[in-house]
Amino acid sequence: MATTVKQKAGWGTANTVAVILALVPVLWIVSLSFKDPSTITDATFWPKKWTFQNYRGIFKTSEFTHALINSIGIALIATLIAVVLASMAAYAVARLTFPGKSVLIGMSLLIAMFPAISLVTPLFNIERTLGLFDTWPGLIIPYVAFGLPLGIYTLSAFFREIPWELEKAAKIDGATPFQAFTRVIAPLAAPGMFTTAILVFIFCWNDFLFAISLTSTTNARTVPAAIGFFTGSSQFEAPTGSISAAAVVITIPIIVFVLLFQRRIVAGLTSGAVKG
Amino acid sequence: MTVHAEPTTPVATGTPAQTGHRRRHLSEGARAERRLGWLLCAPAVIVMIAVTAYPIAYAVYLSLERYDLRFPKQAKFVGFSNYGAVLSSPYWWHALLVTLIITVVSVAIELVLGMLLALLMHRTPFGRGTVRTAILVPYGIVTVVAAFSWQYAWTPSTGYLSAMLNNAAPLTHYGQAIAVIILAEVWKTTPFMALLLMAGLALVPEDLQKAAKVDGATAWQRFTRITLPLMKPAILVALLFRTLDAFRIFDNIFILTAGGNNTYSVSILGYDNLFTALNLGIGSAISILIFLCVAIIAFLFIRGFGAAAPGSSK
């Protein structure tokens with residue numbers, strides 16, 4: 001199939017338009033974060049005067065640095081717990097026959113569709129009574145619960161693709177069950193678990209509603225929630241620059257994931273949904 | 001690998017003899033498997049129930065009480081009067097209308113754009129990886145970050161988009177603000193739709209397309225008569241996911257308008273009743289009503305359109 005020059009130009013234009021539309025809003029917030037306070041209201045797309053002042057400013061306030069530590073810590077711990085628990089359940093779903101399997105799948109589906117706002121009111125009250133309000137566990141627990149359906153879906157799709165006969169073959173070759181697991185199955189399962197971890201991490205990193213509802217101080221408030229309430233480094237200054245700089249900082253991990261693991265993310269997103 | 005494979009052969013021939021032996025212990029084996037299955041699922045199930053089932057039951061209870069956080073001692077069982085208050089309030093119906101408009105319009109636009117993007121990624125002879133990487137950025141970016149980008153872009157004297165339209169201030173007008181909210185929502189979530197549709201496109205056999213082409217079908221005929229019908233399951237799943245997701249819209253509105261100029265969705269209304277009005281009873285009633293709306297939408301999709309609930313085939 002030879003593509004003519006004209007067709008090539010057509011596809012090239014379409015590709016370019018898609019890429020530009022996807023990236024312009026991101027470039028805009030990057031540009032704002034480098035604008036000098038004197039030019040931030042000049043409404044030009046690129047800064048006329050570049051400065052690191054906004055970044056220096058936010059890293060000096062505990063409001064941002066605490067939030068960044070909270071974001072990283074809470075998202076990592078929640079992701080780790082969710083992936084471990086989801087792997088156990090997904091292994092059972094993919095490999096074992098037991099009554100109640102469809103109940104588990106139905107329940108995960110229900111939770112995946114659950115409106116988070118419906119839980120905010122009761123969770124707010126429950127966490128205040130239990131002393132979990134405005135603590136790390138107070139956010140980690142709901143994140144694990146909402147990360148689990150995503151994890152169980154993606155992982156059971158991945159686990160179904162693993163050639164499990166290899167485990168038997170390894171045992172016949174004299175491997176102990178532990179060796180069969182660590183040397184044969186774990187390396188095969190690791191890519192799926194890693195992909196799932198990225199998706200769950202993005203979910204936790206992204207959350208805003210739980211983060212603003214179940215926290216009240218820098219104790220556990222994550223970056224998205226913190227920048228929602230930023231007031232600027234001085235009260236006479238609109239916080240545009242600070243918010244943009246903070247926004248760019250929390251976008252960096254996402255860009256890194258996307259650049260390094262583009263294929264995995266696509267496979268993870270589509271495996272659970274389409275293959276069912 | 002071949003060295004490892006060889007010893008398995010004699011065992012493989014021995015399997016039929018072993019089957020009979022195994023069948024006798026099947027019930028015991030099945031019981032052990034069942035126990036292991038439950039054991040492995042238990043932690044996940046416990047967390048999910050603790051965070052969703054129990055609170056939603058508690059929300060039902062709270063919604064039947066008069067419970068103002070400022071006067072917690074005066075909490076009192078009032079039956080369905082909170083629901084009466086919400087359902088007779090114009091705010092609830094306006095929020096529902098706004099939410100439905102945003103949901104229907106943004107999902108419709110996303111379906112069209114997502115399909116175009118999916119076709120592009122499926123068919124483009126070069127640059128496929130670049131496009132895929134670029135569109136994953138809107139998918140992965142924090143919604144609040146994207147919402148700020150759009151907010152500043154449309155703020156007069158700060159934003160380039162506002163400057164391009166003679167210092168327009170769309171976020172201060174009801175209709176235009178809704179349009180900006182939809183724009184932000186569409187930009188953020190079209191990639192997700194496109195990726196699901198692209199996976200659906202991959203399932204359409206190339207041979208059918210070629211055969212139809214030989215028979216003289218135009219590109220449009222091939223798309224509507226072959227591609228679309230074969231993609232129906234993928235499209236319905238993508239629509240179901242996105243509709244339920246759009247109905248819960250919160251982050252974008254919170255940052256863009258904070259619900260000002262009557263742009264509040266049901267989620268924003270529920271949030272305000274809890275954290276501004278501090279009314280747990282009314283807030284819980286709204287929560288339960290939103291939950292019911294989501295359940296109705298899911299039911300309509302699965303029964304009405306015959307969308308296979310993901311996982312139902314397992």
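Is the crossing of α5(A) and α13(B) left-handed or right-handed?

A: The crossing of α5(A) and α13(B) is right-handed; a crossing has this hand if the near helix is turned clockwise from the far one by less than a right angle, and is left-handed if anticlockwise. This is a predicted model, in which local features need pLDDT of at least 70, side-chain atom pairs count only at pLDDT 80 or more, and totals for chains, interfaces and linings use all residues. Residues are numbered from 1 along each chain as its sequence is written, while chains are lettered from A and ligands numbered from 1 in the order in which they are written.

Helices here are DSSP runs (H or I, at least four residues), numbered from the N terminus.

On the α5(A) side, A:Ile117, A:Val120, A:Thr121 and A:Phe124 take part, and they meet B:Ser267, B:Gly270, B:Tyr271 and B:Leu274 in α13(B). Contact requires C-beta atoms, placed from the backbone, within 7 Å. The residues of this contact divide into five nonpolar, three polar and no charged. Ala, Val, Leu, Ile, Met, Phe, Trp, Tyr, Cys and Pro count as nonpolar, Asp, Glu, Lys and Arg as charged, and the others, Gly among them, as polar.

The model as a whole scores ipTM 0.89 and pTM 0.87.

Methods. Helices (H or I, at least four residues) and strands (E, at least two) are DSSP runs, numbered from the N terminus. Two residues are in contact if their C-beta atoms, placed from the backbone, lie within 7 Å.
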